[in-house]
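Hi,

Here is the structure I promised to pass on. Have a look at it first, and my notes on what turned up follow below.

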Amino acid sequence: MDFLNALVVFLNFVFIPAAAYGAQLALGALGVTLVYGILRFSNFAHGDTMAFGTAVVILVTWGLQAMGISLGPLPTALLALPFGIAATAMLVLLTDKAVYKFYRVKKAAPIILVMASVGVMFVMNGLTRLLIGVSEYRFDDGERFIINVRDFREWSGLPEGLALRSTQALTLVVAVIVVIALFYFLNRTKSGKAMRAYSDNEDLALLSGIDPERVVRMTWIIAASLATIAGTLYGLDKSFKAFNYFQILMPIFAAAIVGGLGNPLGAIAGGFLVAFSEVAVTYPWVKIVGYIAPWYEPSGLMQLLGTEYKFAVSFVILIVVLLFRPTGLFRGKSA
Amino acid sequence: MKKLLLATAAGALLAGAAGAEEIKLGVSLGFTGPLESMAPAMQQGAEMAMKEVSDSGLLMDGSTVVSVTGDSTCIDAAAATATVERLIAAEGVKGIMGGMCSGETIASLENVAKANGMVMISPSATSPALTTIEDDGLFFRTAPSDARQGDVMADIVMDHGIETVAVTYTNNDYGKGLADSFANAFEEKGGTVTVNSAHDDGKGDYSAEVAALAAAGGDALVVVGYVDQGGSGVVRAALDTGAFETFVFPDGMVGSALEENFGSEIDGSFGQNPAADGPGRETFLSMATEAGFDGSGAFSGEAYDAAALMLLAMAKSGSSDPATYKGSVMDVANAPGEEILPGELAKALEIINGGGDVDYVGATAVELIEPGESSGTYREIEFKDGKMEIVGYR
């Protein structure tokens with residue numbers, strides 16, 4: 001019984017939140033790693049691309065809601081996703097034409113592209129705020145819970161409750177679908193193979209008749225889709241606020257680098273690793289320990305770090321990985 | 001300039017002749033800065049009291065009262081100190097209605113007012129630090145200390161039969177001050193605070209904070225935050241994970257947004273915010289409307305009361321000298337004596353001139369407790385069926 005209680009507390013406060021957060025980070029890190037692997041620079045504008053995409057999704061969601069269209073128990077935002085992806089893809093393609101292409105043709109050093117992306121980040125920052133404003137928006141509708149605390153307590157008879165929000169489950173399901181689709185695309189389709197060839201060796205790919213501009217375009221479209229999906233899931237699960245998307249850029253980069261920049265599998269592993277570390281390190285374990293080992297009475301909360309230091313965790317992981325395994329856990333490309 | 005000199009000379013002559021004088025009161029408020037939108041209504045509240053007294057002609061053989069304003073900026077202690085210095089040294093004021101914010105008030109009180117023996121009555125500084133400050137009997141306030149709110153909140157929680165709580169506060173002076181004063185009061189009354197931790201405003205997700213609070217446990221969660229900020233985020237996350245079902249809301253959280261955000265999910269939760277009740281407030285509001293400003297603005301009534309108290313104290317002691325009248329402030333503010341509502345300052349002056357006692361009630365039900373601050377009336381609220389209901393005053 002006590003063991004069950006401990007398990008429920010662990011699921012409720014550690015596993016479920018961390019898994020959903022990890023999936024969001026993984027999707028974001030996939031976009032970063034893809035751009036790095038194929039276009040060969042760290043795209044600092046990725047967080048704000050997510051914000052822009054989510055803002056469009058929210059606006060379309062409001063439009064759909066006003067027209068009385070809904071998805072029943074699922075959030076209406078899922079219907080609005082394609083519109084958001086299309087708008088974001090347009091925006092990043094335009095950005096590529098206006099900014100990145102110039103440096104790519106000149107074969108500029110990666111650091112110049114990185115700096116250019118910082119500039120793009122600030123422009124997108126402003127664009128998103130012009131579009132939707134700086135306040136906090138909640139746009140989830142439909143069923144809020146799959147498992148409700150009160151119902152769970154009644155059903156199980158345990159004193160501890162378990163909640164599973166529909167947005168958390170949705171995040172995981174969508175993330176799995178997106179990842180499967182992406183890996184199928186990269187490994188099984190001709191375009192995907194062309195992209196990987198271009199990533200491995202640009203000149204050889206050119207010789208074998210691969211159109212580089214087409215590869216670049218596809219990369220941006222996929223990155224924009226991943227960004228919009230990740231951003232929308234994050235916004236559905238928590239809430240949309242333009243500034244928060246700037247903040248999760250750090251954990252996303254940590255995830256991509258920890259997994260090995262340029263390696264999609266690494267990005268996913270990195271996302272979950274960062275998320276679970278953040279939650280586990282800032283979680284006070286006193287309650288779980290109390291259930292498993294009632295004879296041991298700790299004086300404190302058994303919390304390694306205060307929750308204020310959540311973001312510091314990703315930096316520590318980043319530094320440790322860069323020190324001991326600079327190419328990341330999954331052997332990505334090192335810059 | 002010449003005219004001013006002439007007028008001053010004439011005024012001095014007049015004062016010498018009749019015993020009446022023109023009393024200048026300093027109004028030191030944050031006319032610029034983070035609370036600039038509140039300052040005008042406070043100034044007008046104070047000036048309304050001065051005008052009422054001047055028009056009656058009953059203060060010390062027909063003395064008149066004029067205000068001299070100064071900008072305290074609310075956040076810049078150096079600027080506030082300079083302002084108060086100017087009001088005292090250059091303008092020759094007989095008392096200061098101000099300052100506005102706690103930090104600024106502490107600085108000008110310690111650096112200028114004490115050195116010059118000047119009385120300061122603040123309408124809006126609520127920091128508990130001002131209760132214990134060494135003020136030579138010169139400082140009063142018509143706003144209650146947050147220490148008082150912490151005490152009231154502890155009583156309310158106790159009365160609900162809750163003995164262990166977790167506390168989370170917004171990471172600033174207001175949050176920390178109130179959370180600490182509550183925790184102290186609650187533990188003194190025999191309650192247990194399992195954890196007292198901060199949350200930062202403006203985050204997307206508070207599940208980590210709530211996980212920590214839940215691990216510490218408690219029968220209720222005290223949310224010392226802002227309803228439009230992290231406070232609501234914490235409540236949301238706590239409800240979603242089932243960490244807490246009962247919440248305690250102090251003034252920063254009590255607002256209609258709570259009903260909109262949570263509805264019947266927080267039934268049984270309760271809280272309090274400062275609110276003077278009674279006839280004084282109604283009278284003050286209609287007087288303000290007549291005078292052409294909005295009396296419902298925060299601390300406008302407190303400003304009226306601050307100015308009125310100062311002037312009644314002068315009448316009581318028969319002197320506009322701060323060193324003399326500072327001893328009469330508590331006297332006119334509290335029982336025994338005739339109760340005085342806003343608009344009855346003339347009546348109060350008549351009673352005082354006739355040698356009687358007054359108990360100033362004013363716009364905000366003033367009751368000064370040692371060492372010279374408002375005891376504070378709080379409105380207790382509770383959530384029932386998704387609605388916020390007023391259940392009483394204390």
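Let's start with chain B, whose domain assignment gives domain 1 (2-145 + 278-374) and domain 2 (147-273 + 378-393); such bounds come from an automatic or database domain assignment. Before going further, bear in mind that this is a predicted model, where local features need pLDDT of at least 70, side-chain atom pairs count only at pLDDT 80 or more, and totals for chains, interfaces and linings use all residues. Residues are numbered from 1 along each chain as its sequence is written, while chains are lettered from A and ligands numbered from 1 in the order in which they are written.

The centres of domain 1 and domain 2 of chain B, taken over C-alpha atoms, are 35 Å apart. Each of these domains of chain B puts five residues into the contact (two residues are in contact if their C-beta atoms, placed from the backbone, lie within 7 Å).

Now the sheet. In chain B, seven strands make an open sheet with mixed pairing, in the order 7-6-8-9-10-15-16. Strands here are DSSP runs of E with at least two residues, helices are runs of H or I with at least four, and both are numbered from the N terminus; two strands pair if DSSP finds at least two bridges between them. Strand 7 (192-199) and strand 16 (387-393) of chain B sit at the edges with a single partner strand each, so one side of each has no neighbour in the sheet. From one strand to the next, the twist averages 25 degrees (axes are lines fitted to C-alpha atoms, for helices over the stretch in contact, and angles run from 0 to 180 degrees between N-to-C directions).

Within that sheet, strand 6 (residues 164-170) and strand 8 (residues 220-224) of chain B run parallel and are joined by five bridges. One pair to click on: Val167(B) has Val222(B) as its bridge partner in strand 8 of chain B.

Two helices to look at next. Helix 6 (residues 146-159) of chain B packs on the sheet and touches strands including strand 9 (247-249) and strand 10 (270-274), with its direction at about 155 degrees to that of strand 10 of chain B. Helix 8 (residues 207-216) of chain B also packs on the sheet, touching strand 6, strand 7 and strand 8 of chain B, and its direction makes about 170 degrees with that of strand 7 of chain B.

As for chain A, it has 14 helices and two strands. Its C-alpha atoms fill a box of roughly 70 × 55 × 35 Å along the principal axes.

Cheers
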